[in-house]
Amino acid sequence: MNRRTRGWALLCGAPFALCLLVFQIAPLAWVMVHSVQTDDGWGLDNFVRIATSKFHRQAIGHSLEIAFWSSLIGILIALLGSYSLTRVDSRLRDVVSAFANMTSNFSGVPLAFAFIILLGFNGALTLLLKQAGLIGDFNLYSKSGLILVYSYFQIPLGVLLLYPAFDALREDWRESAALLGASPWHYWRHIGLPVLAPALMGTFVILLANALGAYATVYALTTGNFNMVPIRIAALVAGDITLDPNLASALAMILVGLMTLVAAVHHGLLKRSYHAR
């Protein structure tokens, strides 16, 4: 690449670099600085308060539990759905892909309102299922209810992310395995799933991040009464009772640390899978 071409490349990349600096790096730096800032100066007092507070530990536990189970449910159903899309007619595949694209963006207040209408205490589906004796005291506003709601927008996102990965599986691999006497279980165990492993791990990390950072849905559904990290951050920044932006920044940095840890584990597993090949 000559000097003129390199100059044009840098010029074209300048707007992207500016957006990255203004909307990603600068806010993260601001949060990092304020997370170690206290009324008495600088230190780790905010993190100590979080670690010694049962209330904040409960918020972190709820966020991790809901994010993990909704991501696990989402990726399992998305795996089956993505595989099914590869076996159906192209017209039906296009319709389902368009529907998944639409529902993956259906979140926030509209999603919470839709679930309240259907599965709230007096929801239409709740009353029908209770009359049929199929459910007992189901509570949409509990932990299990939130996992159900989160799974709704996790599944279509997982389908959109996993479906292209199935292009890496060649049909002649399946035929060769069958000719050599391998059952479908052995094919998926030794060929299919190892090939899909990087995409599966990457999708799980994205779903986990998507669930950990979700705020509007849980706030609209529970009006901020369920203890989760995004709810606590919002209450500390714009609440009516206690305002402590520095403590909110520390909670945000804990979320960043959790996602960094998950991404590092994902990267290590990817390296192992590539070396295994």
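Is Gly120 buried or exposed? Gly120 counts as buried, at 4% relative accessibility. Buried means under 20% relative accessible area, exposed means over 50%, and partly exposed lies in between, with a 1.4 Å probe and protein chains only. Gly120 sits in the loop between α5 (109-119) and α6 (124-131). Setting aside neighbours within four places in sequence, Gly120 is in contact with Phe115, Thr126, Leu140 and Tyr141. Contact here means heavy atoms within 4.5 Å.

Some ground rules come next. This is a predicted model, in which local features need pLDDT of at least 70 and side-chain atom pairs count only at pLDDT 80 or more, while totals for chains, interfaces and linings use all residues. Residues are numbered from 1 along each chain as its sequence is written, and side-chain values use heavy atoms, with hydrogens and water left out.

Now the whole chain. It has 277 residues, and 35% of them count as buried. The secondary structure comes to 12 helices and two strands. Helices (H or I, at least four residues) and strands (E, at least two) are DSSP runs, numbered from the N terminus. Read from the N terminus, the order is α-β-β-α-α-α-α-α-α-α-α-α-α-α. The C-alpha atoms fill a box of roughly 75 × 75 × 35 Å along the principal axes. Take the contacts with a separation of 6 or more: 69% of them join residues 24 or more positions apart.

The surface follows. The chain exposes about 16,700 Å², and carbon and sulfur atoms supply 68% of that area. Accessible areas come from the Shrake-Rupley method with a 1.4 Å probe; for residues, only the protein chains shown count as cover. One nonpolar surface patch covers about 720 Å². Its members are Phe16, Leu18, Leu20, Leu21, Val22, Phe23 and Ile25. Patches are made of residues with over 30% relative accessible area and no salt bridge; like charges are joined within 9 Å, and nonpolar side chains (Val, Leu, Ile, Met, Phe, Trp, Tyr) within 5 Å. Look at Leu18 in this patch. Leu18 lies in helix α1 (residues 3-35). Leu18 counts as exposed because its relative accessibility is 52%.

Next, the charges. The chain has 18 positive and 13 negative charges, and their mean positions are 8 Å apart. Lys and Arg count as positive, Asp and Glu as negative; His and the chain ends are not counted. Each charge is placed at NZ of Lys, CZ of Arg, CG of Asp or CD of Glu.

How many salt bridges are there? The count comes to three. A salt bridge is a side-chain nitrogen of Lys or Arg within 4 Å of a carboxyl oxygen of Asp or Glu. One of them joins Asp244 and Arg49, at 3.0 Å from N to O. Asp244 lies in the loop between α11 (229-238) and α12 (245-276) and Arg49 in helix α2 (residues 45-52), so the pair ties together parts that are 195 residues apart in sequence. Asp244 is buried, at 16% relative accessible area. Arg49 is partly exposed, at 41%.

Another salt bridge links Lys143 with Glu65, whose closest N and O atoms are 3.0 Å apart. This pair also links distant parts of the chain: Lys143 is in helix α7 (residues 143-162), Glu65 is in helix α3 (residues 54-85), and 78 residues separate them. Lys143 is partly exposed, at 27% relative accessible area. Glu65 is partly exposed too, at 32%.

A further salt bridge brings together the side chains of Arg170 and Asp172, at 2.8 Å from N to O. Arg170 counts as partly exposed at 47% relative accessibility, and Asp172 does at 31%.

Ala214 sits in the loop between α9 (184-212) and α10 (216-222). Ala214 counts as buried because its relative accessibility is 12%. Beyond its neighbours within four places in sequence, Ala214 is in contact with Tyr150, Phe153 and Pro230. Ala214 and Ser107 are 107 residues apart in sequence, with their C-alpha atoms 9.1 Å apart.

Thr223 is found in the loop between α10 and α11. Thr223 has a positive phi of about 50°, although it is not a glycine. Thr223 is exposed, with a relative accessible area of 54%.
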